[in-house]
Amino acid sequence: MEELDKYSGVEIFGRLLGKGERPIAIGLANYFTGLVSAGGKLLLTNKSLYFSAHKINVGRKECKIALKDIVKVEIALNLLISQHLVVYTNSDSHRFVVYHGKDWLENIKKAMVALEEEKKSGDLKNFLQQ
């Protein structure tokens, strides 16, 4: 039991996943910030979308978007090999170039629905316990 108390969780791409956080999809991506594009990896979990840049990139190295903050996600440009995936929050938009963009789009939407259902069932559970 003592070992479980010391367990710090799962680390993916240098990011320690939070309690109850599980990976859903992982892949190569470019992240656009203005005119600059950083290459790295994109990680979708049941709680967030997280970009981690390769060490040799200049500019922004990380981006974490909580799924609860996403208001819309879409494919903006569909090229033969890759797609531009755009993730919108109330305050910002984030553009990624990914392989299999339609799969990313569906996985993000499914994760958002699952998170909302989890929240509703938790709210109902808390209400019934009162």
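A salt bridge is taken here as a side-chain nitrogen of Lys or Arg within 4 Å of a carboxyl oxygen of Asp or Glu. By this rule, 3 salt bridges are counted in the structure, which is a predicted model. In general terms, side chains of opposite charge can pair when their charged atoms come close.

One of these pairs is formed by Lys47 and Glu118, whose closest N and O atoms are 3.7 Å apart. This pair links distant parts of the chain, since Lys47 belongs to the loop between strand 4 and strand 5 whereas Glu118 belongs to helix 2, 71 residues apart. Lys47 has a relative accessible area of 32% and is therefore partly exposed; Glu118, at 41% relative accessibility, likewise counts as partly exposed. A salt bridge also joins the side chains of Lys68 and Asp69, with an N to O distance of 3.4 Å. Here Lys68 is exposed, at 66% relative accessibility, while Asp69 is partly exposed, with a relative accessible area of 35%. In the pair made by Lys72 and Glu74, the closest N and O atoms lie 3.6 Å apart. Lys72 is partly exposed at 42% relative accessibility, and Glu74 is partly exposed with a relative accessible area of 26%.

With regard to the overall fold, the protein chain contains 2 helices and 9 strands, arranged along the sequence in the pattern α-β-β-β-β-β-β-β-β-β-α. Of its 130 residues, 35% are buried. The accessible surface amounts to about 8,800 Å², and carbon and sulfur atoms account for 55% of that surface. Among contacts between residues at least 6 apart in sequence, 34% join residues at least 24 apart.

In soluble globular proteins, nonpolar side chains tend to be buried together. The largest nonpolar core of the model comprises 23 residues, and those with the most contacts inside it are Leu42, Leu44, Leu49, Phe51, Phe96 and Trp104. Two or more residues are contributed by each of strand 3 (23-33), strand 4, strand 5, strand 6 (62-66), strand 7, strand 8, strand 9 (93-99) and helix 2 (101-129). Helix 2 gives the most to this core, with 5 residues. Beyond four places away in sequence, the residues touched by Leu44 include Ile24, Leu49, Leu67, Trp104 and Ile108.

Leu43 is situated in strand 4 (residues 36-45) and is buried, at 0% relative accessibility. Leu43 and Leu28 are separated by 15 residues in sequence and by 9.0 Å in space, C-alpha to C-alpha. Leu28 also takes part, with Leu80, Ile81 and Tyr99, in a nonpolar surface patch of about 520 Å².

Ser48 is located in strand 5 (residues 48-53); its relative accessibility of 1% lies under the 20% limit, so Ser48 counts as buried. The side chains of Ser48 and Glu21 are joined by a polar contact of 3.1 Å. Gln83, in strand 8, is buried with a relative accessible area of 9%. The side chain of Gln83 reaches the backbone nitrogen of Gly101 at 2.4 Å. Gly101 is also one of the residues touched by Gln83 beyond four places away in sequence, among them Ile75, Leu77, Phe96, Val98 and Tyr99.

Conventions
Residues numbered from 1 in each chain as written. Predicted model: local features only at pLDDT ≥ 70, side-chain atom pairs only at ≥ 80, totals over all residues. Heavy atoms only, no water. Helix = DSSP H or I, 4+ residues; strand = E, 2+ residues; numbered from the N terminus. Buried < 20%, exposed > 50% of the residue type's maximum accessible area, 1.4 Å probe, protein only. Polar contact = N/O pair within 3.5 Å; in protein donor to acceptor, adjacent residues only side chain to side chain. Contact = heavy atoms within 4.5 Å. Areas by Shrake-Rupley, 256 points an atom, 1.4 Å probe, with all protein chains shown as cover. Patch = residues over 30% accessible without salt bridge, like charges linked within 9 Å, V, L, I, M, F, W, Y side chains within 5 Å. Core = buried A, V, L, I, M, F, W, Y, C linked by side-chain atoms within 4.5 Å.
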